[in-house]
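Please view the sequence and the model together before reading on.

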Amino acid sequence: MVELAGNRLLIIGLSLIAAGTLGFHQIPGMIAEDASGNHWINAVYCSVMTLTTVGFGDICPSDKITNVGRAFIVLLSFSGLGMFCGPVMDYSATWTKNVPGGALGALTATIGLGVALFTVLEGMTELEAAYFTVITGTTIGYGDIGPQTDAGRLVTAFFAILVINVVGALLDPAKDFLSEYCLDESAEDAKNDSQKKDD
């Protein structure tokens, strides 16, 4: 497996978050006018929710989004998908191997952290906070429950990056199993036969 440079991933990831934050802050209609809290924090939150594909649909985009705003979201989304669903997921699959208990230990600790954070910051019940953590980590992001405060939105933005990567690492063995199980053996045999003939 190719070794990924964590510092380069961090620089690119932070650059994408910064570009998204600037766009959500500056382009009219990107954040709901009635969204409570600090506009910069809301912009960071919306940027990360877009880049990670969680998209709660709570404060961004607003119903007054312009075509410029839509174009910006499309560009940001494609940039982010390549980064957050590619190299970041690959990198996360490597670091969880160093955690006691592996990916399952990391998931348990991450859900515990989510419960602690969101019960304190957002006043959620333990069950609501666990549900919110899982819905965020799987990028489902229904939007039926979400952060209401500046602190909650800022923590959710950075927590989403962590929990999505933990869930991705947990699902990596399932992906490997299903890929192997669904492999078309006749196509693989034909490919191997072709390579033998070329040799």
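The sections below describe the basis of the model, its annotated spans, its core and its cross-links.

## Basis of the model

This is a predicted model, in which local features need pLDDT of at least 70 and side-chain atom pairs count only at pLDDT 80 or more, while totals for chains, interfaces and linings use all residues. Residues are numbered from 1 along each chain as its sequence is written, and side-chain values use heavy atoms, with hydrogens and water left out.

## Annotated transmembrane regions

An unreviewed UniProt entry lists residues 9-27, 39-59, 71-89, 101-121 and 151-171 under "transmembrane region". UniProt positions follow the numbering used here, feature names are shortened, and annotations may be inferred rather than shown by experiment.

Helices (H or I, at least four residues) and strands (E, at least two) are DSSP runs, numbered from the N terminus. Residues 101-121 are 95% helix and 0% strand, with end C-alpha atoms 28 Å apart.

## The nonpolar core

A nonpolar core is a set of buried Ala, Val, Leu, Ile, Met, Phe, Trp, Tyr and Cys residues joined through side-chain atoms within 4.5 Å; buried means under 20% relative accessible area, exposed over 50% and partly exposed in between (1.4 Å probe, protein chains only). The largest such core has 41 residues, and Phe24, Met30, Ile31, Cys46, Met49 and Ile59 have the most contacts inside it. Two or more residues come from each of α1, α2, α3, α5 (102-121), α6 (126-137) and α7 (150-181). The greatest contribution, eight residues, is that of α7.

Leaving aside residues up to four places away in sequence, Ile59 is in contact (heavy atoms within 4.5 Å) with partners including Met30, Ile31, Cys46 and Arg153.

## The disulfide

The structure holds one disulfide, defined as a pair of cysteine sulfur atoms within 2.5 Å. Cys46 and Cys60 form this link, with an S to S distance of 2.3 Å. It joins distant parts of the chain, 14 residues apart: Cys46 is in helix α2 and Cys60 in the loop between α2 and α3. The link is left-handed, with -110° about the S-S bond. Cys46 is buried at 0% relative accessible area, and Cys60 is buried at 11%.

## The salt bridge

One salt bridge is present, meaning a side-chain nitrogen of Lys or Arg within 4 Å of a carboxyl oxygen of Asp or Glu. Lys64 pairs with Glu33, their closest N and O atoms being 3.5 Å apart. Lys64 lies in the loop between α2 (39-51) and α3 (67-84) and Glu33 in the loop between α1 (6-26) and α2, so the pair ties together parts 31 residues apart in sequence. Glu33 is exposed, at 67% relative accessible area.
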